[in-house]
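User: Could you walk me through reading some features of a protein model? I would like the general idea and then the case at hand.

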Amino acid sequence: MAVPMSNEQRKAVAALLREQVPAVAEIGRLFARHGHELALVGGPVRDVLLGQQPGDLDLTTDATPDQG
């Protein structure tokens with residue numbers, strides 16, 4: 001069972017991602033402009049929290065395939 005992150009943890013991950021994986025922030029802004037959320041999940045979140053560069057990106061969104 002996943003444990004939700006605190007607001008402080010979310011802010012820390014967001015700051016690290018802006019520095020380490022700037023493409024995620026740009027993709028997130030693109031989805032937001034179209035009214036959708038985009039979230040980084042899984043191993044990349046773990047990697048960033050451990051201070052490592054993610055090897056790949058696992059993303060999820062509330063947009064459905066037909067909204068692309």
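Analyst: Happy to! Keep in mind that this model is predicted. Let's begin with Arg-29, which is partly exposed because its relative accessible area of 43% lies between the 20% and 50% cut-offs.

User: Which side chain does Arg-29 meet in a salt bridge?

Analyst: The general idea comes before the case. Side chains of opposite charge can pair when their charged atoms come close. Here, the partner of Arg-29 is Glu-26, and the N to O distance in their salt bridge is 3.0 Å. Glu-26 is partly exposed too, at 39% relative accessibility.

User: Why are Glu-26 and Arg-29 separated by about one helical turn?

Analyst: An α-helix has 3.6 residues a turn, so residues three or four places apart point the same way. Glu-26 and Arg-29 both belong to helix α2 and are 3 residues apart, so about one turn separates them.

User: Is Asp-47 buried or exposed?

Analyst: Buried: its relative accessible area is 10%, and the cut-off for buried is under 20%. Asp-47 sits in helix α3 (residues 43–49). Beyond its neighbours within four places in sequence, Asp-47 contacts Gln-52, Gln-53, Pro-54 and Gly-55.

User: And what about Val-48?

Analyst: Val-48 is also found in α3, and at 1% relative accessibility Val-48 counts as buried. For a view across the chain, compare Val-48 with Ala-14: they are 34 residues apart in sequence, and their C-alpha atoms are separated by 9.5 Å.

User: Which residues make the nonpolar surface patch?

Analyst: Ile-27, Leu-57 and Leu-59 make a patch of about 200 Å². One of them, Leu-57, lies in the loop between α3 and β2 (59–61). With a relative accessibility of 35%, Leu-57 counts as partly exposed, so it passes the patch cut-off of over 30%.

Conventions:
Residues numbered from 1 in each chain as written. Predicted model: local features only at pLDDT ≥ 70, side-chain atom pairs only at ≥ 80, totals over all residues. Heavy atoms only, no water. Helix = DSSP H or I, 4+ residues; strand = E, 2+ residues; numbered from the N terminus. Contact = heavy atoms within 4.5 Å. Buried < 20%, exposed > 50% of the residue type's maximum accessible area, 1.4 Å probe, protein only. Patch = residues over 30% accessible without salt bridge, like charges linked within 9 Å, V, L, I, M, F, W, Y side chains within 5 Å. Areas by Shrake-Rupley, 256 points an atom, 1.4 Å probe, with all protein chains shown as cover. Salt bridge = Lys/Arg side-chain N within 4 Å of Asp/Glu carboxyl O.
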